[in-house]
Amino acid sequence: MIVVAALVVVAAVLAIVVVRRISGDRPEQNEHLVRAVDDMRLKMDELSQDLSDALERAERESRRNRLFGELGGSIDLEELMDRVLDAAMEIPGFDAAMILVEGQAGTSTIVTRGMTADETAKPPTSGVAGALPGTITVTYRYGRERELMPDSELICGGVFIPLMGRELSPVGTLSLFWRSSDHEPLAEHIEQAESLVASAIPAIENARRYGEARKLAETDALTGLYNQRYFHETLRREVLRAQRYERNLALIVFDVDDFKAINDQIGHLAGDRVLAQAADRLREAVRSVDVPARIGGDEFAVILPESDAEDADQLYRRVQSSMRGTSLGTDDERLRLSAGIAELQHGDTAAGLFERADGALYRAKDLGKDRADVARNADRA
């Protein structure tokens with residue numbers, strides 16, 4: 001780049017000298033000198049373009065190297081996948097990207113870049129079932145009804161690179177796409193993508209193992225809901241966030257009515273199955289942003305961000321209706337539960353919010369069970 005810049009400067013100086021000479025030369029020499037100046041200007045333009053291209057390549061390489069260096073700096077899987085896609089999109093010739101990482105439980109985590117919602121929901125495939133045998137390049141052809149659409153709206157091809165872990169076990173796939181029908185990725189660009197994958201695999205495996213270990217540490221073994229420790233950590237975090245940004249937050253605490261009698265009647269193993277069924281009903285009723293947890297033997301709770309007491313009461317009614325469809329196996333007896341609801345008030349702490357919801361739960365029990373009670377401001381200590 002320094003050499004190219006120096007050549008541009010030299011050419012500029014020569015052009016100035018020639019122009020000065022033209023002003024003092026004879027007319028018959030001017031035409032020759034003008035042509036020489038024009039040639040120099042063309043060369044200067046070419047050198048300037050070369051310099052601009054070199055600077056752009058250097059900046060892109062610098063960004064990619066920086067992103068490569070950051071790959072091992074996170075143990076959060078989705079954050080790491082974002083960094084891989086950031087580096088991938090620095091490789092020339094690609095308009096969109098997707099990375100898929102498989103979990104040991106059969107679930108997959110997918111992160112995309114530059115793809116529409118429809119493409120993300122139903123992404124283009126390599127056409128190969130199962131793990132890829134190696135890097136595959138695919139060109140897509142569309143029917144006549146889509147031929148009239150601009151190239152910019154269609155994914156016209158893709159490169160699929162397998163992520164292979166230890167002992168050649170499949171970890172996932174990095175997919176890079178282009179939208180121009182006359183484009184074909186250069187071999188050097190595919191090699192750059194493969195180098196990125198090779199650099200990312202150790203970090204992805206570490207992040208995946210950490211995520212699975214963290215999930216085990218945060219999950220109740222019997223019900224699959226979050227456990228008590230995770231619940232209290234999340235409640236504290238959500239209360240601080242809601243207070244800081246003046247957002248709504250609600251908490252509901254559930255308790256299975258007469259669970260000791262249920263255990264005595266059908267046995268502890270059957271009682272565990274009842275709790276697992278109750279957790280399933282609760283999981284089906286909550287929203288994706290809610291945080292359901294088992295916080296005691298037969299006690300559950302749900303944190304409801306951006307919600308008030310009315311939202312929590314609606315959740316209770318959905319869960320209550322669903323629970324009544326759970327048979328205890330004797331005399332057609334049905335599962336019932338009581339709940340206490342509290343809405344975050346100014347100055348509330350996580351402990352204070354929980355105590356108010358818990359107090360409302362005991363009040364619901366005293367009022368006859370199988371109902372919900374809402375904590376009042378006067379309930380605050």
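These legends describe close-up views of a predicted model.

**View 1. Strand β5 and its two partners.** Strand β5 covers residues 170–178 and is mostly covered. Seven of its nine residues are buried. Strand β1, residues 96–102, runs antiparallel to β5, and six bridges join the two. Strand β4, residues 157–164, also pairs with β5 in the antiparallel sense, over eight bridges. In general, strands of a sheet pair through backbone hydrogen bonds, either parallel or antiparallel.

**View 2. The hairpin of β4 and β5.** These two strands form a hairpin, with five residues between them. Look for E167 in the turn. Its phi is positive, at about 55°.

**View 3. Helices α3 and α6 packed together.** Helix α3 spans residues 77–88, and helix α6 spans residues 187–218. They pack at an angle of about 170°, with their axes 9 Å apart. Angles over 145 degrees count as roughly antiparallel, so α3 is roughly antiparallel to α6. On the α3 side, the contact is made by L77, L80, V84, A87 and A88. On the α6 side, L196, A200, A203, I204, A207 and R208 take part. By class, the contact has ten nonpolar residues, no polar ones and one charged residue.

**View 4. E238 in helix α7.** E238 sits in helix α7, which spans residues 228–245. Is E238 buried or exposed? Its relative accessible area is 14%. Buried means under 20%, so E238 is buried. The side chain of E238 makes a polar contact with the side chain of R241, at 3.2 Å. Leaving out residues up to four places away in sequence, E238 touches L249, I303 and P305.

**View 5. An open sheet of five strands.** The strands follow the order β7-β8-β6-β9-β10, and their pairing is mixed. β7 (291–294) and β10 (372–374) stand at the edges. Each has a single partner strand, so one side of each is left without a neighbour in the sheet. From one strand to the next, the twist averages 15°.

**View 6. The pairing of β9 with β10.** Strand β9, residues 337–343, runs parallel to β10. Three bridges join them. G340 stands opposite D373 in β10.

**View 7. Helix α9 across the sheet strands.** Helix α9 spans residues 268–285. It lies across β6 (249–256), β7 and β8 (299–305). The helix runs at about 10° to β8.

Notes: Residues numbered from 1 in each chain as written. Predicted model: local features only at pLDDT ≥ 70, side-chain atom pairs only at ≥ 80, totals over all residues. Heavy atoms only, no water. Buried < 20%, exposed > 50% of the residue type's maximum accessible area, 1.4 Å probe, protein only. Helix = DSSP H or I, 4+ residues; strand = E, 2+ residues; numbered from the N terminus. Pairing = 2+ DSSP bridges. Polar contact = N/O pair within 3.5 Å; in protein donor to acceptor, adjacent residues only side chain to side chain. Contact = heavy atoms within 4.5 Å. Axes fitted to C-alpha atoms, helices over the stretch in contact; angles between N-to-C directions. Parallel < 35°, antiparallel > 145°, perpendicular 65-115°, else oblique. Nonpolar A, V, L, I, M, F, W, Y, C, P; charged D, E, K, R; others polar.
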